[in-house]
Amino acid sequence: MTAAELVIEAARVHTLTGPDGSGDGSEPTHVAIAGDRILAVGDADAVSAFVDSRTERLTFPGATLMPGWSDGHCHPVWGLEMTAGTILLQAGDLDQAKALLRADLPADGASGAPSGTWVLGWGLTADVFTDQSDIAGRVFDDVAAGRPLYLRFRDGHSGLANDAALAVAGITGAEEFAGASQIVVGADGRPTGHLLEMEAMARLESHIHRGSLSERAGRLGRLFDSMADRGLTSLQVLDANGDPFELCTELERVGELPLTVRFSPLIQPGVTDSELARWVRLQGTGGRRWRVEGVKLMLDGTVEGGTAWLEHPDLLGESTRPLWLPPEEYQRVVLHFARQGIPTATHAIGDRAVEFALETLATLPEELRRSATHRIEHIETLPEATIARMAELGVVASVQPIHALHLHPDGRDSWSVRLGAERAARAIPIRSLVEAGVPVVLGSDWPVADFDPFKGFAAAVARAARTLDDGRVAVPDQSIDRWTALRGYTSTSAIVRGDGEHTGRIEPGLSADLTLVEGDPLTMTVDELQRVTVLATWVGGRMRRVAGGGA
């Protein structure tokens, strides 16, 4: 009989192996591990047969052992650029944003840095502008003092540059893009500096120095460490822009990734046949703890930026068309991958974007449509009929519950204002999706939102990281029960990414990917979930001791 190398004892083990996807009723407290696999699960007597003199024992009174938690949607590589500069997330108006930027300037004032030095910031919201027509980079010129300035909005789909930055990039007016990306110009034809969507943003961002490969790899490694320290054992990365594969190769050259990473590269409008063939060839390639699997497409943008694709325009008359023009090009690309059994993930925030994605997948024969997992990302507002259609077609919903924290119960946030009361009342409809039978994977969308999975868990079960003083939260009827939320971060996530036979549950034979925390997320208060102590994680049986420092 194989002997266990390690036996973990906790107050409770949530196996997620029961018939309903929760516990199996046996209330286990011990897990035995041999190599990278789970050897036995049960009480002390059940695992004793696998213990010998060489078996290490670790005991964690009061702790809960769970399958390794996964972030089902994040952008760690793109986020290296997205999060450069001053953090503006807390700025409620222009004066506050300017004060935060000034605080990061050299101590001797605005003239203390060379005129070519960029002023960068991220996390800006459209709410800082009292009138959306006032959005212009030059309003920050008093801070920039002649230097190029570029601020990224929180939604990740838009940026704001001053005239000095536009001059560096050679942007002098409107330009044509393969998709619906846009360089916004005023009535005089002069660029305002507002850049909508990836193609327009890339025109400017390509002129900002990103750092060397080793510098970027170091930043990515520190980010991965931070994510693992919050209990994550795997990531679904939905960008793969720039040099992510080189970065991961460099990290594995000098060490081991603290979690597993699955890349689904972003396919942009205007993609050529040769580029499509390249992404097909890359499927399944990777390193020890990372691989390329699936592709991502963005069918629309964001509600806040006016670039979502809605059935009816928003209240400012925007969000009326897809990013892919013509949209039939999106269909061609999705079907190209789907017919080869390659999973697709489509960013579709507006209701019309979700419907069009479903219409596209519905053209596939059922056996082909179900031969690979096809996902729709975000799903921020959706009528019941479209949700039912998702369930009928077997399409997965990838949702980020933490985005609910950006909504205000009074509906005065820019997202709700743009959509109007009826559509805002359907905000992030997780419960409706679950009750309809749609598989739901949960994630963060970092850097757009916090990657801490326990904050996301709190948002899923309570629609808030903490309730307001009067106890109100946004759209409380879309909260879900805790077992469902736990599955969204563990077993459902594993099944959707094709690892359901190897991980996502705690049972003999599966990979020893585990998350250990103090207390029990199934019984903690919402406030307690904000302060969860992660004790350790295991990836393939290898332990990372978190509390008190990484192993």
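Select helix α17 (residues 453-462) together with helix α18 (residues 482-489) in this predicted model: their axes come within 9 Å and cross at roughly 140°, where axes are lines fitted to C-alpha atoms, for helices over the stretch in contact, and angles run from 0 to 180 degrees between N-to-C directions. That angle makes α17 oblique to α18, since angles under 35 degrees count as roughly parallel, over 145 as roughly antiparallel, 65 to 115 as roughly perpendicular and the rest as oblique. Helices (H or I, at least four residues) and strands (E, at least two) are DSSP runs, numbered from the N terminus.

Now show the side chains of Pro453, Gly456, Phe457, Ala460 and Val461 on α17 and of Arg482, Ala485, Leu486 and Tyr489 on α18, which make the contact (heavy atoms within 4.5 Å).

Finally, colour the chain by pLDDT, the predictor's confidence in each residue, from 0 to 100: the chain averages 91, and 95% of the residues score at least 70. Select residues 108-115, over which pLDDT stays under 50 and for which the model has eleven contacts beyond four places in sequence.

Residues are numbered from 1 along each chain as its sequence is written, and side-chain values use heavy atoms, with hydrogens and water left out. Local features need pLDDT of at least 70 and side-chain atom pairs count only at pLDDT 80 or more, whereas totals for chains, interfaces and linings use all residues.
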